[in-house]
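Biologist: I would like to learn how to read a structure like this one. Can you take me through a few features, with the general idea before each case?

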Amino acid sequence: MTHSEIDTIIKDHGKKESAILAILQDIQSREKYLSKESLEYVGGKLHIPLTKLYRIATFFRAFSLMPRGRHEVCVCMGTACHVRGAQRVLDQIQLELGIRPGETTKDLNFTLETVNCLGVCAAGPVVAINGQYFGKMSPSKVEGTLKKFSEDKKGDKDAKA
Amino acid sequence: MQKLSSPQELEKYRQDILSQKNPHQTIITVCGGTGCHAAGCHAVVDAFKKVLEETVKGNGIGLRVTGCHGFCERGPLVVIHPKEIFYQRVKPEDVPFILSETILKGKVLENLLYEHPTTGERILAEKDVPFYKKQMRIIFGNNGFIDPTKIEDYLAVGGYQALVKALFSMKPEEIIQEVKKANLRGRGGGGFPAGLKWESCRKAHGDIKYVICNADEGDPGAYMDRSLLEGNPHSVLEGMIIGAFAIGAKEGYVYVRHEYPLALTNITIAIEQARELGFLGKNILNSGFNFDVFISRGGGAFVGGESSALVASIAGDVAEPRAKHIHLVESGLWNRPTTLNNVETWANVPVIILKGADWYTQIGTEGSKGTKIFSLVGKVNNTGLVEVPMGITLREIVYEIGGGIPDGKKFKAVQTGGPSGGCIPESLLDLPVDFDRLTEVGSMMGSGGMIVMDESTCMVDVAKYFMNFLKDESCGKCTSCREGTKRMHEILTEITEGRGKLDYLDLLEELGWVTAEASLCQLGGTAPNPVLSTLHYFREEYEEHILNKRCPAKVCRALLTYRILTETCTMCGRCAKVCPANAITGKRKTKKEEGIPFKIDEEKCIKCGMCFENCKFNAIEVQ
């Protein structure tokens with residue numbers, strides 16, 4: 001992310017310490033992670049020590065310090081999803097992708113995350129991929145659901161060609 | 001839109017809006033709540049837009065995407081006004097028929113109506129569906145009528161009338177008295193009387209005061225705040241403005257959970273519209289009262305919903321709670337007097353002001369007045385959001401509204417209060433639901449999650465689930481919470497993996513006691529509840545895991561074995577195909593060749609259950 005892009009974000013929220021969460025959230029949502037360079041730049045601009053920024057960035061689940069995959073697979077582990085078998089859905093996704101929660105596949109296509117509750121409890125177990133909800137999931141639906149996102153990459157290329 | 005500068009102008013504007021609305025006009029409302037989104041309502045909306053454009057060119061037929069109707073299980077939901085025809089599980093391919101038959105010819109499509117599970121009767125109107133019949137939707141009811149992105153829709157159902165009443169015919173003290181008299185208790189879980197909070201905050205020293213709306217709904221299995229903020233954001237805002245006027249605050253914040261993007265969008269739009277029309281800003285409706293609301297986004301931490309942690313987070317710090325020897329009403333956000341209430345609490349305020357405390361206190365039990373929205377989820381037929389009067393029994397909620405347990409299974413427990421709550425067994429199903437009764441039986445109201453569990457839910461696993469949750473979400477400030485939740489999780493893991501000992505149960509109780517007693521905030525203070533309540537009501541399940549190394553609900557993997565029943569197996573080979581561990585061997589039977597019966601190699605089996613789930617002949621046995 002360029003310095004001028006970060007400057008715009010800082011300007012949007014006001015150059016004050018209390019806006020730090022909002023600023024980091026905007027950087028996270030655009031860049032999909034908080035790079036060391038971005039954190040250093042924000043810290044310098046707002047006169048916030050880097051230790052405090054790292055404290056915030058590692059405290060909240062919304063932030064990531066590692067680059068993310070193109071598609072974020074978010075498995076809801078809320079209670080309603082849990083009693084309907086969310087753990088088995090997660091296990092199956094881990095098997096399919098070969099990564100654990102918090103990790104990204106080598107081809108940078110998928111990042112796997114778990115979340116405490118997406119608030120779509122009635123449709124549980126729920127998996128959200130790039131914010132799109134897939135309700136009533138089961139281990140056997142995992143492969144087909146993930147395929148939609150490994151193939152759309154090719155689809156994009158075809159469309160461009 | 002022009003700024004309204006007096007109650008008269010607001011009334012005139014409301015009349016203008018109403019006069020433009022034709023009560024006989026056909027309006028198609030599609031539920032746009034998150035549950036329906038997951039069921040594909042956006043495709044249904046697109047299909048309606050397309051057919052309306054193509055066939056009738058929008059000719060006098062309205063299409064409205066509303067907030068959550070509550071009956072998420074049956075989504076996507078479509079209600080056609082003014083006849084109130086209630087269609088459920090609507091698919092995009094049904095849409096052309098709805099238009100050609102129902103809307104143009106007035107014919108009801110039977111197959112889309114709700115079918116009564118016992119009588120088989122098809123039910124026409126939403127209000128007659130058993131799921132809605134026992135509900136009392138005073139807070140949530142307007143969700144189905146209004147488009148949350150249009151302030152005009154809120155005004156059309158009488159929105160901001162309570163604000164006018166509060167600003168122009170009540171003194172701040174009178175408002176507080178009314179809220180006190182209504183005995184409005186905090187809907188976020190604690191159940192603290194809102195009126196008392198407001199009174200202390202009004203009396204607190206200082207010119208600058210704040211009101212905060214806690215929309216950091218973190219309890220897993222609860223989503224009523226999300227649906228209110230998404231579906232009727234102005235009702236929450238109106239409550240906040242009235243509260244701010246009563247307390248003497250000029251600034252307010254809505255702290256929205258990171259995981260709720262649509263709620264964030266809708267409340268942002270609502271604030272902008274309220275500013276434009278003059279419900280927020282300087283000199284609101286020419287009353288001399290100034291107040292504005294800002295949004296703060298959460299960062300995805302469960303403890304962020306704790307009031308002192310939330311305040312720290314708005315001020316740009318990590319969301320760590322502090323000791324509350326001095327309450328937030330004295331010293332909260334930026335050390336100023338602060339009143340913090342939850343989304344649903346704020347949404348109750350306009351109703352109380354408009355209809356009066358005398359009306360409001362007719363609903364509910366002695367200690368808990370009004371209604372409560374619960375998210376009825378888990379192993380229950382009719383999942384969704386239900387608003388019921390306080391004092392209704394758990395049995396009525398689970399069986400009459402919820403329609404009982406699916407697949408003929410047996411009810412085991414209902415979990416309320418999120419990670420701070422507990423599990424309530426079948427013997428207490430006739431318990432009237434209110435703040436005090438739930439606390440008495442070792443659970444709590446919490447924000448209103450109600451997760452139904454059946455015989456296939458393992459209570460030790462549930463306790464372990466919550467401890468895993470809490471050990472991850474403990475901020476780590478208090479040793480008792482940080483270590484207590486971790487150790488309890490370890491012990492529960494030992495038990496679920498077959499290494500438990502009987503004296504572990506006493507240890508759990510002791511650890512639970514220390515964690516609760518020695519922690520600063522309520523995360524630690526209530527953390528042992530899931531363990532203690534399951535130990536209390538379901539001790540025999542713990543003992544079964546420990547003594548016989550058996551999980552009666554067949555959930556705890558390490559204690560399960562999968563076996564193929566040779567006599568039932570048709571040798572179709574499906575299990576071997578889906579097995580990710582290649583643990584199943586055998587040979588498929590075809591017309592030409594005899595098969596070899598399939599069997600599972602226990603050494604290789606990872607107990608994922610894929611074979612069990614995929615076998616169509618019930619030939620896989622789990623023990």
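Biologist: Where is Met571(B) placed?

Modeller: Met571(B) sits in the loop between strand 16 and helix 24 of chain B. Helices (H or I, at least four residues) and strands (E, at least two) are DSSP runs, numbered from the N terminus. This is a predicted model, in which local features need pLDDT of at least 70 and side-chain atom pairs count only at pLDDT 80 or more, while totals for chains, interfaces and linings use all residues. Side-chain values use heavy atoms, with hydrogens and water left out; residues are numbered from 1 along each chain as its sequence is written, and chains are lettered from A and ligands numbered from 1 in the order in which they are written.

Biologist: What should I look at in the backbone there?

Modeller: Look at phi. Most residues other than glycine have a negative phi, and most peptide bonds are trans. Met571(B) has a positive phi, near 60°. Lys554(B) has a positive phi of about 60° and is not a glycine either. Lys554(B) lies in the loop between helix 23 (539-547) and strand 16 (562-564) of chain B.

Biologist: Is Met571(B) buried or exposed?

Modeller: Cut-offs come first. Buried means under 20% relative accessible area, exposed over 50%, partly exposed in between (1.4 Å probe, protein chains only). Met571(B) has a relative accessible area of 16%, so it is buried. Lys554(B) has 46% relative accessibility, so it counts as partly exposed.

Biologist: Which peptide bonds are cis?

Modeller: Check omega. One cis bond joins Gly124(A) and Pro125(A), with omega about -5°. Pro125(A) is in the loop between strand 2 (110-115) and strand 3 (127-129) of chain A. Another cis bond joins Gly75(B) and Pro76(B), with omega about -10°. Pro76(B) is in the loop between strand 2 and strand 3 of chain B.

Biologist: How do I read strand pairing?

Modeller: Count bridges. Two strands pair if DSSP finds at least two bridges between them. Take strand 1 (residues 27-31) of chain B: five of its five residues are buried, so the rest of the structure largely encloses it. Ile27(B), Thr29(B) and Cys31(B) point one way, Ile28(B) and Val30(B) the other.

Biologist: What are the partners of strand 1 of chain B?

Modeller: Strand 3 (residues 78-81) of chain B pairs with strand 1 in the antiparallel sense, over four bridges. Strand 2 (residues 62-66) of chain B pairs with strand 1 in the parallel sense, over five bridges. Follow Ile28(B): it stands opposite Ile80(B) in strand 3, and its bridge partner in strand 2 is Leu63(B).

Biologist: Can you give me a second case?

Modeller: With strand 12 (residues 384-389) of chain B, strand 11 pairs in the antiparallel sense over six bridges. These two strands form a hairpin with five residues between them. Ile373(B) has Glu387(B) in strand 12 as its bridge partner. Strand 15 (residues 449-454) of chain B runs parallel to strand 11, joined by four bridges. There, Ser375(B) stands opposite Gly449(B).

Biologist: What about charged side chains?

Modeller: Side chains of opposite charge can pair when their charged atoms come close. A salt bridge is a side-chain nitrogen of Lys or Arg within 4 Å of a carboxyl oxygen of Asp or Glu. The count comes to 52 salt bridges over all chains.

Biologist: Why does the pair of Lys136(A) and Glu73(B) join two chains?

Modeller: Lys136(A) and Glu73(B) form a salt bridge, with the closest N and O atoms 3.2 Å apart. Lys136(A) lies in the loop between strand 4 (132-134) and helix 7 (139-160) of chain A, and Glu73(B) in the loop between strand 2 and strand 3 of chain B, so the pair joins two chains. Lys136(A) is partly exposed at 37%, whereas Glu73(B) is buried at 13%.

Biologist: What does a salt bridge within a helix look like?

Modeller: Glu230(B) and Arg226(B) form one, the closest N and O atoms being 2.7 Å apart. Both lie in helix 10 (residues 224-231) of chain B, four residues apart, about one turn of the helix.
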